[in-house]
Amino acid sequence: MFSLSTSLVKPVVVATFLTSVLVAAPVFAAEPTTPTAAHAKTQAAVDPVEAKIGELHQKLHIVETQEPQWAQVAQVMRDNAKSHEDLVKDKQQNDKTMTAADDLNAYAAIVQDHADGAKKLAAAFETLYGMFSDDQKKAADEVFRAHKQQFMHQHPSSKHSQK
């Protein structure tokens, strides 16, 4: 009923949590630091979550003084993705033996995990966003607005809830 293919789990996780970040709070900063950006490029081919974290780090131009708070945001993204992935995998492994009620409860657990993760991410991100200059905030607003439009284009059923 609500099963997801294994190949879709990580992209769904990344899209879901990135969307939460984008809708919850805009982000941007001035000059990127190279160690995190270089590490992210290496990880991009291996892990879509790390790729998204690296992409955001670069687009948000996180400066050295913002690295500690950025690291917290990135860790929340990783933790959220892991938690979500674990729930989805568990549901997939039990999919053939689940009753309809079990299936709905598993789906509810995934949705609740997403909501809880979005709240954690919004809190961490809000602190980082508060460190940005006005120009960085404007740039972040544009990046997130563009991402939200892309998401809405890919998920037309979400348009009625966004204005």
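Me: What pattern does the protein follow, read along the sequence?
Reply: This is a predicted model. Its secondary structure comes to six helices and zero strands. Read along the sequence, that gives α-α-α-α-α-α.

Me: At what angle do H3 and H4 pack?
Reply: H3 covers residues 48-59 and H4 covers residues 67-94. Their axes lie 10 Å apart. The packing angle is about 150°.

Me: Is H3 roughly parallel or roughly antiparallel to H4?
Reply: The two helices pack at about 150°. Angles over 145 degrees count as roughly antiparallel. H3 is therefore, relative to H4, roughly antiparallel.

Me: Is the crossing of H3 past H4 left-handed or right-handed?
Reply: The axes of H3 and H4 are 10 Å apart, at an angle of about 150°. As H3 passes H4, the crossing is right-handed.

Me: Which residues of H4 does H3 meet?
Reply: The H3 side of the contact has Val49, Glu50, Ile53, Leu56 and His57. By class, the contact has seven nonpolar, one polar and three charged residues. On the H4 side, the residues met are Glu67, Trp70, Ala74, Met77, Arg78 and Ala81.

Me: How is H4 oriented to H5, roughly parallel or roughly antiparallel?
Reply: H5 spans residues 100-129. H4 and H5 pack at about 175°, with axes 9 Å apart. The cut-off for antiparallel is an angle over 145 degrees. So H4 is, relative to H5, roughly antiparallel.

Me: How many residues of the contact of H4 with H5 are nonpolar?
Reply: The contact joins helices whose axes are 9 Å apart. Six of its residues are polar and four are charged. The nonpolar residues number 15.

Me: Where does histidine 61 lie?
Reply: Histidine 61 has a phi near 50°. That is a positive value in a residue other than glycine. Histidine 61 sits in the loop between H3 and H4.

Me: Why does histidine 61 count as partly exposed?
Reply: Buried means under 20% relative accessible area, and exposed means over 50%. Partly exposed is in between. Histidine 61 counts as partly exposed because its relative accessibility is 28%.

Me: What share of the protein's residues count as buried?
Reply: The protein exposes about 9,500 Å², and carbon and sulfur atoms supply 56% of that area. A residue is buried under 20% relative accessible area. Of the 163 residues, the buried share is 38%.

Me: Among contacts between residues at least 6 apart in sequence, what share join residues at least 24 apart?
Reply: The chain has 163 residues. Contact here means heavy atoms within 4.5 Å. The share joining residues at least 24 apart is 79%.

Note on methods:
Residues numbered from 1 in each chain as written. Predicted model: local features only at pLDDT ≥ 70, side-chain atom pairs only at ≥ 80, totals over all residues. Heavy atoms only, no water. Axes fitted to C-alpha atoms, helices over the stretch in contact; angles between N-to-C directions. Helix = DSSP H or I, 4+ residues; strand = E, 2+ residues; numbered from the N terminus. Parallel < 35°, antiparallel > 145°, perpendicular 65-115°, else oblique. Left-handed = near helix turned anticlockwise from the far one by under 90°. Nonpolar A, V, L, I, M, F, W, Y, C, P; charged D, E, K, R; others polar. Buried < 20%, exposed > 50% of the residue type's maximum accessible area, 1.4 Å probe, protein only. Areas by Shrake-Rupley, 256 points an atom, 1.4 Å probe, with all protein chains shown as cover.
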